[in-house]
Amino acid sequence: MGDVPSRKRSRSSERSVSPPPVKRNQPSSTTNKAVANFFTPASQKPKTSESVSWTVIKESLLIGRYQDPSHVAEPDAQPRKIAIFDFDSTLITSASGKRFARDASDWKWWHASVATSLHKLHQDGYLIAIVSNQAGISLKTNSKSLKTELKRLADFKAKVTTVLTQLDLPVAIYAATAKDEYRKPRTGMWRQLLEDHSLSAPGAVNMERSFFVGDAGGRPASASSGAPKDFSCSDRDFAANVGIKYMTPEEYFLEEEASPFIRDFDPARYMKEVAGAATNAVPLVFTKKNPVDIVLFCGSPGAGKSTFYWRHLKPLGYERINQDTLKTRDRCLKAATDSLAEGDSIVVDNTNADPETRAHWIKLAKKHDVPIRCVLFTASPKVCEHNDAVRALSGEMNPESRIMLPKIAFTSFTSRFREPSLKEGFQDITKVDFTFEGSEQERAIWTKFWV
């Protein structure tokens, strides 16, 4: 492993590469520069508010860079080793002991060794950065609660400025404030970090020596220690997406053994074990049984309904009725009526979660004396959320330019869903499980962690 001293190895396969050790015999993280700065007259000291410069990308990503001309410029040697850390509950925690800090001053280092550890990394030539999801703040100026949002933003900037000034290292923080390409586990912040340091070229980063430390590791609650379960697995998934080693704060700063973890949904595993398996629920060919009829889709957003239409029903001459496009059910019914009057078969590409909603279309079929068939999409909520994020954020698998849906779109469908039955008036019901269909490049995109 080159010049990296060995640390205690864990049993986890995700800890195959070790970062530099933490020196436990250093009583203080105070730097010589900080001591000298204590005796500098106040009139000669830089203002704290000027020590961090701020940049906003796409009204979503907030970047703060600690500026200190006394530090030696970053080495040009490549490939660079990169050490990335989450912010809250990894580098710092609230001084009050509350889950959420009361104000900008309510913080302390997560552990006494944090500052010392980061200084050692800097001395060892690591590029150090912080990446953090910060959905509690907003960078948009059209917010209905602008005064509150501005205060939250000001408090966050003040806290970051104090933390980075005390750390006194050339460190940048990347804060994702929206549920978009930058939010972990998506890799937008990583790509921006590489671009900012001219490290986007292949081979510019030493991936084997780089690592990420964060508290969202998917760990279950611990009965022995009383520690609650992690709120998510987004930090572990972010590191997996990037392709670097992951550690929890306990593993890195305290050198604890790796803890077990649980992922609610692993797309690569799903692709291998479920979506790639043969199933009788998916017809190889969807055949047209009637001269004119209605095919009613039933399934969650992200279940693959529109893709199924374009691949299987459009070639059969079916016209698509979609409420995302027409906006209201009445307009959908009007468009369907016009198509049926012209002798065209139609597909109702909506969620149609409950019998009451489906009854409108069954009534229309009876009025025009045509059969109505149902296609039921069985993808799980996790798969649907994943599909929606891939579609909206990948940039390459979104032919209809769909935007990402809010969580309530999926929970609402689940709460309303009642499985359709032939008793409602359907000629037949075809079940369609989700199976991935795409190129190898699209497969690589889909198997990343997106939610």
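**A buried strand and a pocket in a predicted model**

Reader: How many residues of strand S10 are buried?

Author: This model is predicted. Strand S10 covers residues 294-298 and is mostly covered. A residue counts as buried when its relative accessible area is under 20%. By that cut-off, the number of buried residues in S10 is 5 of 5.

Reader: Which residues point the other way from Ile-294, Leu-296 and Cys-298 in S10?

Author: In a regular strand the side chains alternate between the two faces of the sheet. In S10, Ile-294, Leu-296 and Cys-298 point one way. Those that point the other way, likewise buried, are Val-295 and Phe-297.

Reader: Which residue of strand S13 stands opposite Cys-298?

Author: S10 is joined to strand S12 (residues 346-348) by 3 bridges, and the two run parallel; there, Ile-294 has Ile-346 as its bridge partner. S10 also pairs with S13 (residues 372-377) in the parallel sense, over 5 bridges. In S13, the residue opposite Cys-298 is Leu-376.

Reader: Which helix gives the most residues to the lining of the second largest pocket?

Author: The second largest pocket has a volume of about 1,400 Å³. Of its 48 lining residues, Gly-304, Lys-305, Ser-306, Arg-391 and Arg-402 are the closest to its centre. Several helices supply at least two lining residues each, among them H8 (305-313), H11 (355-367) and H12 (381-393). With 7 residues, the helix that gives the most is H8.

Technical notes:
Residues numbered from 1 in each chain as written. Predicted model: local features only at pLDDT ≥ 70, side-chain atom pairs only at ≥ 80, totals over all residues. Heavy atoms only, no water. 1 Å grid on protein atoms, 1.4 Å probe; cavity = no way out; pocket = protein on both sides within 12 Å on 5 of 7 lines; lining within 4 Å. Points joined across faces, edges and corners; volume = space filled by probe spheres on them. Helix = DSSP H or I, 4+ residues; strand = E, 2+ residues; numbered from the N terminus. Buried < 20%, exposed > 50% of the residue type's maximum accessible area, 1.4 Å probe, protein only. Pairing = 2+ DSSP bridges.
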